[in-house]
Amino acid sequence: MKKLIILLSLLLTSTHCFALGDGVTVDKEKCTITKKGKTFPLYGEIHLVESEGLADLVVYVKKSWSNFDLDVYISKNNPDVDECGGFYITEYLSDSAINVYVTEWEDYADITVYIENHENSSGFK
């Protein structure tokens, strides 16, 4: 019985916060990701970089709607987007932008995303 209670409490906790490996943790309630002790929002301005070494986060974009961590919407005209999974790509790095590197290798990513065409669909599923 004690093992069942522990298992259930771990399962309930994992719905709010899950680890992706290599010290990367996602908090679904706060819509944040923590990597190497630094926490980043999973929404807002991002700046795409050419090298993984320059990145705050490494992202893999899924081409199909299955087995991804976060459903993402890219806003074309709202740099102040604050919905979970909503991002605005800025050409220049600003104080609020997160450096993101898009990798071709899912195993090297901090988080796996699927890009939606509709803003209402973004967030955790």
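Is Cys84 buried, partly exposed or exposed, and what is its relative accessible area? Please also describe the link in which Cys84 takes part.

Analyst: The model is a predicted one, and the values below are computed from it. Cys84 has a relative accessible area of 22%. Buried means under 20% and exposed means over 50%, with partly exposed in between, so Cys84 counts as partly exposed. Its partner is Cys31: a disulfide joins the two residues, with an S to S distance of 2.0 Å. A search of the whole structure finds 1 disulfide. The link of Cys31 and Cys84 is right-handed, with 85° about the S-S bond. Cys84 is located in the loop between β7 (70-75) and β8 (86-89), and Cys31 in the loop between β2 and β3; the pair therefore ties together parts that are 53 residues apart in sequence.

The two ends of the link can be set side by side. Whereas Cys84 is partly exposed, Cys31 has a relative accessible area of 5% and is therefore buried.

Strands β2 (residues 24-27) and β3 (residues 32-35) run antiparallel and are joined by 4 bridges. Within this pairing, Val26 stands opposite Ile33 in β3. The two strands form a hairpin with 4 residues between them. Cys31 belongs to the turn of that hairpin and has a positive phi of about 55°.

Methods. Residues are numbered from 1 along each chain as its sequence is written. This is a predicted model: local features need pLDDT of at least 70, side-chain atom pairs count only at pLDDT 80 or more; totals for chains, interfaces and linings use all residues. Side-chain values use heavy atoms; hydrogens and water are left out. Two strands pair if DSSP finds at least two bridges between them. A disulfide is a pair of cysteine sulfur atoms within 2.5 Å. Buried means under 20% relative accessible area, exposed over 50%, partly exposed in between (1.4 Å probe, protein chains only).
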